[in-house]
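Subject: Structure for you to look over

Hello,

Please find the structure below, with the sequence. My notes on what was found in it follow.

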Amino acid sequence: MPATRPASVPAAPPGYSALRLFADCAVLGLTAWGGFMALLAQAQQRFVNRRGWIAEKDFLDLIALVAMLPGPQAVNALAVMGHRLGGWTGFAAALAGIVLPSFVILVALWAGYAALAGHPALLQAVIVGVLPPLAMILAQTAWNQSKKATPAPRDKALAVAAAVALLALPFWSASILVLAAGGLISRLFWPAPKAAPAPSSPPMAPSRILLCLAPAALALFQLMPALLPQDTVARLALAFGGIATTLFGGALVMVPLLEGLIVDRLGWLDHAGFTAGLAASQLTPGPIVGIATFTGMEIAGLAGALAATIGVYTPTAIIAVGVDGAADRLRGLRGFQHTMIGVRCAVVGLIAGAAATLWWKLPLAAQPLGCAALTLAAALLVLRWRQPPYVSIPVGVLLAALFMG
């Protein structure tokens, strides 16, 4: 399918090449710390202001588009931009460039984690030390998102109910159930949003609709893991593809679901390994779904890591390409927007619940004073001093080695 370009973007932007796009995205993937908005801000500076490959309005519209879709938003935005610039070659260049640095870093971190298997005391310090910083990172994210997603008292009440439900429900799929319940509540009981202006974009072509529906079908493997094939590599790719297609509101909301599926349902990691993978994904500039790479390495080596990485990033990027150009039509679906009000509230609650879940994994009964010291230090580092994960997590590990030995 040919690339679609807004009128403001020339057919061949000056200086554009797939190789240069790949290199620029690789630099972003290696240096864009601070979450997806930090990555998008740097991407805007590079591709709008410096390169002039895409107009500022088109880039901002692109951010608004991916915010309504599943999957890692910054990665999807850059993949769509690459498709606009150079068709599927540009799509592949942007996607590979932004993902490759975190892939390499995660493989190296997994190797370090595997080497700790012969040093149980150090391994225990790693597992315990990463929990408070991770819990504080999630708590901070929930607080930041609540400022926009829960403006009314009923929104805040729904977010609190979502957090409580996550902690109370023993099911591995509790996150999906809570998200669905949030959307249903807002749709049935809350006022509908105002009607959007008539869409200015043409209707989606059948080929683009198919481009959305085919990857979205992978969600079936998320909802029914028993359908996954027996081949380990294919199983990894399809399982993480299914996870990504249900990933609304950012990857942090799916932490409990990821743990339930990877640990309890599929048995690919134990809880300690999952915590280590979660910490490793926070130590890279890439999205938290980089835990797919860590899991793939643990299960099937490099082939598994590659399959899991492709599975978690590619399907939703293809969906974003399919929807590209029809953002105003998506915003105009009042039923969709009405449902998303409750989903966004539930997202805030799920992230807060995930923070509490991680904190409860500390050995609170056995070493209460040490856990209190670690929690206080993490709160100061993350909430007070605003230290990034590559500072707060290693400091947490060092303190755990000192306090919990």
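The buried residues of helix α11 are Val255, Pro256, Leu257, Leu258, Glu259, Gly260, Leu261, Ile262 and Val263, where buried means under 20% relative accessible area, exposed over 50% and partly exposed in between (1.4 Å probe, protein chains only). That is nine of the eleven residues in α11 (255-265), a helix that is mostly covered. Helices are DSSP runs of H or I with at least four residues, numbered from the N terminus. After α11 comes Gly267, with a positive phi near 70 degrees.

This is a predicted model, in which local features need pLDDT of at least 70 and side-chain atom pairs count only at pLDDT 80 or more, while totals for chains, interfaces and linings use all residues. Residues are numbered from 1 along each chain as its sequence is written, and side-chain values use heavy atoms, with hydrogens and water left out.

On the core: a nonpolar core is a set of buried Ala, Val, Leu, Ile, Met, Phe, Trp, Tyr and Cys residues joined through side-chain atoms within 4.5 Å. The largest one has 115 residues, and Phe47, Met81, Phe240 and Phe274 have the most contacts inside it. Helix α4 gives the most to this core, 19 residues. Beyond its neighbours within four places in sequence, Phe47 is in contact (heavy atoms within 4.5 Å) with residues including Leu21, Leu28, Trp53, Ile54, Leu78 and Met81. Another core, of five residues, lies apart from it; Met136, Ile137, Ala379 and Val382 are among them.

Axes are lines fitted to C-alpha atoms, for helices over the stretch in contact, and angles run from 0 to 180 degrees between N-to-C directions.

- Helix α1 (18-31) packs on α4 (73-115) at about 40 degrees, with the axes 7 Å apart. This makes α1 oblique to α4; angles under 35 degrees count as roughly parallel, over 145 as roughly antiparallel, 65 to 115 as roughly perpendicular and the rest as oblique.
- Helices α8 (206-216) and α13 (291-323) cross at roughly 160 degrees, and their axes come within 8 Å. They are therefore roughly antiparallel to each other. Arg208, Leu211, Cys212, Pro215 and Ala216 of α8 meet Pro315, Ile318, Ile319, Val321, Gly322 and Val323 of α13.

Lastly, Arg386 has a positive phi of about 55 degrees, although it is not a glycine. Arg386 sits in the loop between α16 (368-384) and α17 (389-403), and is exposed, with a relative accessible area of 56%.

Regards

Notes. Helices (H or I, at least four residues) and strands (E, at least two) are DSSP runs, numbered from the N terminus.
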